[in-house]
Amino acid sequence: GLIERFAGDAIMAVFNALDDQPDHALRGARAALAMQEHTRRIAAEHPHWPRFRIGLNSGLAVIGNVGATGQRSFAAVGDTTNVAARVQATAEPGQVLLAATTYSRIRDLASIEPLGAASLKGRAQAIDLYELRAILP
């Protein structure tokens, strides 16, 4: 994955951006679970430290350098990234949530619990959410 941006306490990473990764959804899921496992170990020693919320969404995005000369930055923009941010905001600390598009790509490869439909800020229709528990061996 490629870290696209740090914004406050948020990190956005994109997969399948710089080269072809047919398994990009699985790569994102593995990265999310690895982040949660590492922070779980740290939280055991520091119980008052914050835990991460992670949201995954798959789909098309416009990716590239944006801005004028001297003020360019790499960005991934579009509805896919907006939904990912809203899914992340819905998650509880320590939780990894998937939008339906990511779920459909990894459902046979992971332990996933359906959570039902959720209304997300800025979305006219609710979307189905799923909690990622583990990648199957």
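Let's start with Gln 36, which touches Arg 51, Phe 52, Arg 53, Ile 54, Gly 94, Gln 95 and Val 96 (contact means heavy atoms within 4.5 Å), leaving aside residues up to four places away in sequence. The model here is predicted, so local features need pLDDT of at least 70 and side-chain atom pairs count only at pLDDT 80 or more, while totals for chains, interfaces and linings use all residues. Residues are numbered from 1 along each chain as its sequence is written, and side-chain values use heavy atoms, with hydrogens and water left out.

**Gln 36**
- Gln 36 sits in helix 1 (residues 24-45); helices are DSSP runs of H or I with at least four residues, strands are runs of E with at least two, and both are numbered from the N terminus.
- Its relative accessible area is 1%, so Gln 36 is buried (under 20%; exposed is over 50% and partly exposed in between, with a 1.4 Å probe and protein chains only).

**The hairpin**
- Strand 4 (residues 62-66) pairs with strand 5 (residues 73-77) in the antiparallel sense over 5 bridges; pairing requires at least two DSSP bridges between the strands.
- Opposite Ile 63 stands Ala 76 in strand 5.
- There are 6 residues between the strands of this hairpin, and Gly 67 has a positive phi near 115 degrees.

**The aromatic pair**
- The count comes to 1 aromatic pair, by a rule for Phe, Tyr and Trp rings (six-membered ring for Trp) with centres within 6.5 Å; planes under 30 degrees apart are stacked, over 60 edge-to-face and the rest tilted.
- Tyr 103 and Tyr 130 form this stacked pair, at 3.8 Å centre to centre and 0 degrees between the planes.
- Tyr 103 belongs to helix 3 (residues 100-106) and Tyr 130 to strand 8 (residues 127-135), so the pair ties together parts 27 residues apart in sequence.
- Tyr 103 is partly exposed at 22% relative accessibility, whereas Tyr 130 is buried at 11%.
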